[in-house]
Amino acid sequence: MALLDIQVPDIGDFDSVAVIEVMVKVGDTVKAEQSLITVESDKASMEIPSSHAGVVKEIKVKLGDKVSEGSVIVALEVAGEAASAAPAPAPAVAAPAPAPTSPVASVAAAAPAAPAAPAVSGPVEVRVPDIGDFKDVAVIEVLVKVGDTVKAEQSLITVESDKASMEIPSAAAGVVKELRVKLGDKVNIGDVVLVLEGAVGAVAVAAVASAPAALATPSAPVSAPALASSAAAPAALAVPAHNPTALAVGVAHASPSVRKFARELGVPLSEVKGSGPKGRITQTDVQRFTASVMAGAVQTLAQAAKAPAAGAGAGGITGGGELNLLPWPKVDFAKFGPIERKEMSRIKKISGANLTRNAIVIPAVTNHDDADITELEAFRVLTNKENEKSGVKVTMLAFLIKACVAALKKFPEFNSSLDGDALIYKQYYHIGFAADTPNGLVVPVIKDADKKGVLQISQEMGELAKKARDGKLGPADMSGASFTISSLGGIGGRYFTPIINAPEVAILGVCKSQIEPKWDGKAFQPRLMLPLSLTWDHRVIDGAAAARFNAFLGQILADFRRVLL
């Protein structure tokens, strides 16, 4: 027996790629060509195999290390003859390349004998991929229009079954020449979604036939839904082991391309059981999980939180941390009188699951207070009169956003988020505001509110609120908030307890202002008082900090000149 250093082979013309996974440990017996580590450049990830068989005596790299050609990975105890064998072969993926845009392209790119797929200049039809054994799912959202330039894996439409909804990504990049679907249409696997011009990344199925079968293994990274003709389609409804009430532990074991694929479909990787080596999650696992959810065979954690499973035991939390709730009551309401059944809107379905999770998981406390806005309201009215010709109407909420930014700067823990045992303090001030729409509540976000004046904030709020009412808010319009304000405005009410919008750690609720008598030391004076309800996460914020935040906010609203200090 002899010790042999296993080195990184020639993996292309680049240096210092990061080790993102160590796949063996000291004492393991490995075979020749067995993967030892996974490395990742800014273009691709690849597994580095062993050039010899033997027993791992020492591991020379760790997660996060940078390696190059010739770097020693492990010290391997090998047989005497094997030690003098030929040098290590190149890994299966010899050089980093842009992530493939479909499972077919993935295989074709990995095949050494297959030529690279050329760009397709003519029209290319993009079809509904294999997303499970069901028919006639409704198109509830069209995310692109004719003339748009789309990237590979960019979402094109959203479809919804009676169990769940999902976005359908593009298998190629190009310019939208023709849309073949519209809102309300029913689509099935293989139906044409749109036609692309100048498409790049669309690959003929014939390319797969020439690829070696060994390359079509579950561990091969892929980055787009399988085509409708995929051979894996008959097994699409194989249900992976899944427990929607189990708390996830650690990080999901999957390649970057599979992670990207899962993000495109909205699949929680922590809930998917991997079928690859050492439990690695493959693209096929993600597809099967998606098909199972769409068919109602399994539930995600979000779905389980919204609809507790029947048959659960007595209320409480088990020793393992799972919710153990009483089953939801099933009642035949029609036997008591006339009823009408209306399906909930998509917005309410999605927000309901998030609100349930946030209300249960976050130890929330609410402080109630009042702010004197008498002078500020007079200034607001005067400002609107002076700017009447501009068409921009300043609301009290615009002043509130600026006041909250000042308070967040003074109390930065309110502008943070939990990340395990650490806090992420954000150096930006993106303020979300709840907007009521016919389909439910949405939260548009004013980005960089600290860099904008009240007039600009008012204008952006008006534009975002109109988009919300018209149902045209995009994901970018509703993402990135570091703090949220929920205002009931002129509707009424005194105080309420808003639910924190995770991963934020606080939210401000505001109700209708009203005139109240306040003692000035000599007499009672009529003052306009604004009710404030600050809900905060007790894991991050304590009661004293919350009281100071509310008091400081009230001082700013009472004398807005403090914003300048």
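Phe 414 is buried, with a relative accessible area of 0%, where buried stands for under 20% relative accessible area, exposed for over 50% and partly exposed for what lies in between, computed with a 1.4 Å probe on protein chains only. Phe 549 is likewise buried, at a relative accessible area of 0%. The ring centres of Phe 414 and Phe 549 are 4.3 Å apart and their planes meet at 25°, so the pair is stacked; rings of Phe, Tyr and Trp (its six-membered ring) pair if their centres lie within 6.5 Å, and planes under 30 degrees apart count as stacked, over 60 as edge-to-face and the rest as tilted. Because Phe 414 lies in the loop between H9 and strand E18 (416–419) while Phe 549 lies in helix H11, the pair ties together parts that are 135 residues apart in sequence; helices (H or I, at least four residues) and strands (E, at least two) are DSSP runs, numbered from the N terminus.

The model is predicted, so local features need pLDDT of at least 70 and side-chain atom pairs count only at pLDDT 80 or more, whereas totals for chains, interfaces and linings use all residues. Residues are numbered from 1 along each chain as its sequence is written, and side-chain values use heavy atoms, with hydrogens and water left out.

Phe 414 and Phe 549 also belong to one aromatic cluster together with Phe 411, Phe 483 and Phe 552. At Phe 552, the charged end of Lys 410 sits over the ring, 5.4 Å from its centre, a description that requires NZ of Lys or CZ of Arg to be within 6 Å of the ring centre and within 35 degrees of the ring normal. The charged end of Lys 409 sits over the ring of Tyr 429, 5.6 Å from its centre.

The largest nonpolar core has 52 residues, and those with the most contacts inside it include Phe 414, Phe 483, Ile 541 and Phe 549; such a core is a set of buried Ala, Val, Leu, Ile, Met, Phe, Trp, Tyr and Cys residues joined through side-chain atoms within 4.5 Å. Among the elements that give two or more residues to this core are helix H9 (396–410), strand E24 (483–487) and helix H11 (543–558), and H9 provides the largest share, 12 residues. Ile 541, leaving aside its neighbours within four places in sequence, is in contact (heavy atoms within 4.5 Å) with Glu 413, Phe 414, Val 505, Ala 506, Trp 536 and Ala 546.
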